[in-house]
Every structure is written in structure tokens, then in C-alpha cells.
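My notes follow the model below.

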Amino acid sequence: MDVSCGLEPLPVSVWPRLEELPTFQYSPDHVPGPGGKPDPSEISFPGCSCHSSSCLAPTCTCLHYGENYNNLSIRTEGHELGFSKPVFECNTMCHCGEKCQNRVVQQGLQFQLEVFKTTEKGWGLRTMVFIPKGRFVCEYAGEILDINEARKRIQLQTSSDSNYIIAIREHLHDGTTIETFADPTYIGNVGRFLNHSCEPNLFMVPVRIDSMVPKLALFADRDICAGEELSYDYSGRYHNFLPIEAQGSKQEGKESKKPCFCRTKSCTGFLPFDSSLFHKDGKRK
């Protein structure tokens with residue numbers, strides 16, 4: 001069985017093979033949901049005019065902030081300062097070739113992944129092959145919502161429902177904040193099976209390609225061995241060199257916090273919780 005239904009470059013297997021997965025429609029990319037603007041499928045960025053097979057900074061307009069990748073691995077220079085440059089990949093309108101080194105996330109899955117049943121956390125996601133540090137692993141894709149629709153969906157949940165909605169808040173240097181709400185509950189990709197860990201092996205980076213709606217790309221925080229479960233910090237804080245918050249993802253239930261079963265030495269005991277998705281005034285209590 002291929003979880004991705006042939007929509008990814010590589011099939012995504014399931015274990016146990018006869019176990020039934022939650023019902024959802026697979027989409028490797030974001031799709032527009034109620035209130036979500038702009039449309040994530042809309043091409044709104046102009047392309048670069050580079051005619052070489054691979055773009056280079058500073059001549060490429062897509063690399064205005066510098067190189068994004070080095071041998072397919074994301075560059076992390078400057079993260080010790082607590083911020084990082086925006087990441088823009090070359091897009092559909094660019095003149096460069098498909099093998100341009102600034103086209104990584106848009107290539108989709110490059111490592112064999114498997115959805116599997118864990119002992120305590122329900123379904124999870126693991127790699128079947130070695131993944132080097134810095135390499136792109138997968139996206140967290142789903143319906144793009146506005147905050148009102150995100151809150152509405154959460155309020156309709158019962159205590160037994162899982163909430164996959166993730167709230168990304170990018171804090172810019174001028175003091176403004178860009179918010180993105182993605183929900184893969186009904187339409188999403190393999191990223192919906194990622195569990196939280198207080199010591200994760202993935203970190204999330206908003207990567208923009210065709211429009212201002214970012215791809216929520218997950219990269220390897222360290223070398224990851226074959227058979228390891230893949231995880232990220234739902235709060236977005238652990239080893240994340242970008243000024244973002246990624247809270248509320250897969251938090252179950254209503255106001256009460258849910259226990260964390262990552263079993264790491266630094267485990268906080270509870271999953272991250274974003275109260276702004278539960279209060280109409282947006283204030284965290």
C-alpha cells in the first residue's frame with residue numbers, strides 16, 4: 001500500500017500492512033481551505049531570468065538573501081543570532097533548469113518513509129533509510145485556513161478527536177507577524193503522521209516558492225538512522241533557527257493539556273499548547 005497514492009516521487013509504505021489508516025485525501029501540497037488567502041496554488045511570484053543550469057547569489061533574484069542550500073542541505077549560518085534570512089526557492093516562472101540547486105523542497109520526498117503504528121502515540125512516521133543532517137525530509141501540507149476557520153474547527157472537536165491544525169507565526173524585523181494556519185485533517189500529506197518530541201530530529205522552515213503561502217518544510221536536525229521515528233517540536237522552538245512559532249499542531253481535546261510520550265531526557269511531560277486558537281480575542285491565558 002502506498003499512502004501517497006502515487007502522488008509522491010517515492011511510495012510511502014504502511015506497517016502493519018493490514019492496519020487501517022485514518023480516512024483522509026492525500027495531497028502533497030497545500031490546498032485552499034475556507035478563509036485561506038492567498039490561494040496556495042496561485043503563482044504570484046515573478047521568476048528569475050537566469051539562463052544557467054543552476055542559480056547563484058547574488059545574480060539570481062530568488063537568492064537575494066543568499067544561498068539557501070549546499071549540496072541539497074539547508075544552510076544554517078546565522079542561527080546563533082536568533083534569526084535567519086527568508087528562504088525563497090526558484091519557481092515555475094524562473095528560466096533556470098529543473099536541476100537548479102535552489103529547487104529542493106519542490107522536488108518532494110527523496111527518502112523512503114513509512115507510516116507505522118507506535119506503542120503509545122498512535123500512528124507515527126519513520127525513515128527506512130539513512131538521512132544526512134540538513135536534508136529535506138517532507139512537508140507538513142494541508143488546507144490553508146484563516147484564524148476564524150481554524151478556531152471554528154477546533155471548537156467543533158470532541159475530547160477524543162485529534163487536532164492536526166498547525167499555527168505558524170513568523171516574526172519579521174519590522175515587528176509585523178505573518179500567520180499561516182494549515183490543517184491536514186481531511187486533506188494532507190505524510191507530514192500529518194509526525195509525532196511531537198521534546199528532542200526531535202527534524203525542524204521546520206517556512207519555504208516560499210510560487211507565492212507568499214509558505215511550504216512548511218521539515219529538515220533533518222542531525223544524521224538520522226534507518227528505522228528511526230521522525231519527529232519535530234510542535235512549539236517550533238527546539239533547534240529552530242528561524243523566528244517562528246509552530247504551536248497547536250496535533251494538540252488533542254479542548255483546554256486541557258495532553259501528556260507527551262516522547263520519553264526523552266528533556267521531556268516536559270505535556271504536548272505544546274496554543275491557547276490563542278481557543279480564545280476569540282487571541283490572548284493566551
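I am reading a predicted model here.

A hairpin of 6 residues joins β14 to β15.

I then turned to β9 (residues 136-139). β9 and β15 run antiparallel and are joined by 3 bridges. Here I noted that Phe136 has Phe219 as its bridge partner in β15.

Is β15 buried or exposed? I found 6 of the 6 residues of β15 (residues 215-220) buried, so the strand is largely enclosed by the rest of the structure. Lys215, Ala217 and Phe219 are buried on one side. Leu216, Leu218 and Ala220 are buried on the other, so both faces are covered.

Next I moved to His196, which lies in strand β13 (residues 195-196). I read a relative accessible area of 5% for His196. The cut-off for buried is under 20%, so His196 counts as buried.

What does His196 touch, leaving out residues up to four places away in sequence? I listed Ser231, Tyr232, Asp233, Tyr234, Cys260, Cys262, Leu271 and Pro272. For Tyr234 I also looked up a polar distance: its backbone nitrogen lies 3.1 Å from a polar atom of the His196 side chain.

Conventions:
Residues are numbered from 1 along each chain as its sequence is written. This is a predicted model: local features need pLDDT of at least 70, side-chain atom pairs count only at pLDDT 80 or more; totals for chains, interfaces and linings use all residues. Side-chain values use heavy atoms; hydrogens and water are left out. Buried means under 20% relative accessible area, exposed over 50%, partly exposed in between (1.4 Å probe, protein chains only). Helices (H or I, at least four residues) and strands (E, at least two) are DSSP runs, numbered from the N terminus. Two strands pair if DSSP finds at least two bridges between them. A polar contact is a pair of N or O atoms within 3.5 Å; within protein, one must be able to donate a hydrogen and the other to accept it, and residues adjacent in sequence count only if both atoms are side-chain atoms. Contact means heavy atoms within 4.5 Å.
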